[in-house]
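Hi,

Here is the structure I promised to pass on. Have a look at it first, and then read on for what turned up.

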Amino acid sequence: MGDESKKVTDTMYNVEASELLSNEAQNLPISEAASIYEKLVSTFPTSAKYWKQYVEAYMAVNNDEAVKQIFSRCLLSCLHINLWRSYINFIRKVNEKKGSEGLEETRKAFDFMLNQVGFDIGSGPVWMEYIAFLKSMPATSPQEESQRMTSVRKVYQRAILIPTNNLDQLWRDYELFENSVSRTLAKGLLSEYQPKFNSAKAVYRERKKLVDDIDWSMLAVPPTGSSKEEVQCMAWKRLLAFEKGNPQRIDAATANRRVNFTYEQCLMYLYHYPEMWYDYAMWQSKSSPSDASIKTFQRALKALPDSNILKYAYAELEESRGSALSAKKIYESLLADDKTATSLAHIQFLRFLRRTEGSESARKYFVEAHKSPTCTYHVFVAFAMMAFCVDKDPKVAQSVFETGLKRFMKEPAYILEYADFLCKLNDDRNVRALFERALSLLPPEDSVEVWKRFVQFERTYGDLSSMLKVEQRRKEALSKAKIDEGSSSALENDLYDVVSRYSFLDLWPCSSKDLDHLSRQEWLANVGDKRAAEKPGLSNVGGALDGTSIGISTTNPNQLLPSTRVVLPDISRMVVYDPRQSKGPEFPGASNFNIPNLGGVTGSTNLTETDECLKLCSPSLQAFIINLPPVEGLVPDVDVVLSILLQSSIPASRAASTSNQPAANPASSMNQNGAANRPGKRKDLERQDEDDVSRVQSRPLPKDVFRLRQMQKTRGATSSTQTGSAASGGSILSGDQSVSSN
């Protein structure tokens, strides 16, 4: 259903198809185009472009009644200057032959328009048009002339305080106007308004930078997460933050009107963004005590009727204002359809009833709600914890949990919530009984978390015997179900179990280095067992890895790690790994190898040291290191990568596989692609016997190569000389590897 709904939405708000319909309608007579325009404006009710085309199509055929009806539907929701200019042109045309009565109607229309869109940065021409209209009005007496001059002066003084594109022209016209009336009076008025004009001009420069980032041709569509939509959303938020700061330091009422206007314009384009509606309503609730925020929420729910988050926010606002009855109606609308009512709606209504009407009212509703087909275990947990924490009644809470247990015994999450509740009661006997009942009924694949919590409970509250017993039972149960991380040694105890047993919160009974080592060994063992299960024939590579060097017992040959095949990601599609996008720093001596870059290794390593590192590597490993791309993003764990590489069957030449024979000069053994290229007679590099492979893979990693990889990770040099564990005879991941003597 979700995919079908998304498909319908995508088809409905198809911008390209809407543009084609709009172009088609413009070439049709209005009788045929009207249905197309109605479809467009119903889909995009805040698109000034489509409303303007629609109304102008009727204006072209002089259908004044239809024009008036369309303007009444769109003007207040589309505060776009071009649409409003069409409105004023229509009003002037209709009233041009009505004499003084028509002039008065036109003047009222101008006032109405400028009260709505006069704050627009592009409203300068409209202000100038209005002033020209006022100047053209006839005056038959000195009194009317004086009234006309006063009206013109007031409009000028309003216009020069608004940051618009025509601010300089308006100021020059105002200077001429005042000087033409009275030079003496002009001097005082101009000196009074000059600082205000300068302030408006300074704000205009800042405002224009923000406005220029906005796409005024964008249609209001539901958010899809595209980068263009995100950019526009952030551009509007920056403009709103700018206006809220009142940079012009004007009076609060005017500043609030300007912010209100900006929000209304914003919603023309972000009509389907619930956060913008919420932000608008919350700003209104703080800036004025009126019901404006309530009306905004009502408009928001009309625009986004399926937005539950807006309904919760609306109910919260009503409740905070003391209108509990109005808030209750909103909650009831969420629960109107019993088949679609969500458990969250039941829970929030329970909490609302408890806050506003008391616990008894909440209890009565719970009795009804738990019978709903959409009621899940969440409702039982919520009401039980409400009774326990708010009403301080553990008996009722436990009764609710027991009632829910009959329906949700096979819900692991419900079992865990009930267990937590019993732990808070210090009822360890019933906690154990609950775990035993649940684990006897839960299928193994659903019991992992319950076993984990059971073990944790025994580690915290049980004695040593019960602790070890539950741990062993857990291993047996999950191993039989083959879901205990696929480990063939799952039934064996290891040091990692002791670490888990004796840890608390962020306190560990070992160092972070030891913890990292144990985790890595456990992971490697699990990977080996999984590979062995997938490819039984590869479960015992003769001599490829020494079991003692990776912390695995050699008494069982089946535990030896197979030759792990590494699945590499497609880094050609990752910009961060593309050397063409970001070229790393030059590696010293790189020219000797005829390569431009060595994986972003810094110049702190000298040529001799690098040569020695590469000489100790096989040709394939040399090619791998040389062709490593620069990394400027998340850096993988080098230790784990090297561990996998050392287990991999990397083709190597016979000469390179012998540690006593140094490799040839890299300058002569590498071509531009990093491939082996020795002159003279040589055997085919692909023909290797198993002994050569095992010797190459079991040879300890050179200390310098490890340090080179550490530098690529931009980690400190202190970790590059770490030594292996004494118990294991040297870590395979460190530069040193001691050999135990018998």
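Before the first find, a word on handedness: a crossing of two helices is called left-handed if the near helix is turned anticlockwise from the far one by less than a right angle, and right-handed if it is turned clockwise. With that in hand, helix 5 passes helix 6 in a left-handed crossing. Keep in mind that this is a predicted model.

Now for the rest of that pair. Helix 5 covers residues 64–74 and helix 6 covers residues 81–95. They pack at an angle of about 145°, and their axes lie 12 Å apart. On the helix 5 side, the contact is made by Asp 64, Val 67, Lys 68, Phe 71 and Cys 74. Helix 6 brings Leu 83, Ser 86, Tyr 87, Phe 90 and Val 94 to it. Sorted by type, the residues of this contact come to 7 nonpolar, 1 polar and 2 charged.

Which helices each supply at least two residues of its lining? They are helix 11 (183–211), helix 12 (227–244) and helix 13 (252–269). Helix 13 gives the most, with 3 residues.

The protein averages a pLDDT of 78, and 70% of the residues score at least 70. Over residues 485–489, though, the pLDDT is below 50, and this stretch has 8 contacts in the model beyond near neighbours in sequence. Residues 535–565 also have a pLDDT below 50, with 58 contacts in the model beyond near neighbours in sequence. Where pLDDT is low, the predicted coordinates should not be read in detail.

Cheers

Notes. Residues are numbered from 1 along each chain as its sequence is written. This is a predicted model: local features need pLDDT of at least 70, side-chain atom pairs count only at pLDDT 80 or more; totals for chains, interfaces and linings use all residues. Side-chain values use heavy atoms; hydrogens and water are left out. Axes are lines fitted to C-alpha atoms, for helices over the stretch in contact, and angles run from 0 to 180 degrees between N-to-C directions. Helices (H or I, at least four residues) and strands (E, at least two) are DSSP runs, numbered from the N terminus. Contact means heavy atoms within 4.5 Å. Ala, Val, Leu, Ile, Met, Phe, Trp, Tyr, Cys and Pro count as nonpolar, Asp, Glu, Lys and Arg as charged, and the others, Gly among them, as polar. pLDDT is the predictor's confidence in each residue, from 0 to 100.
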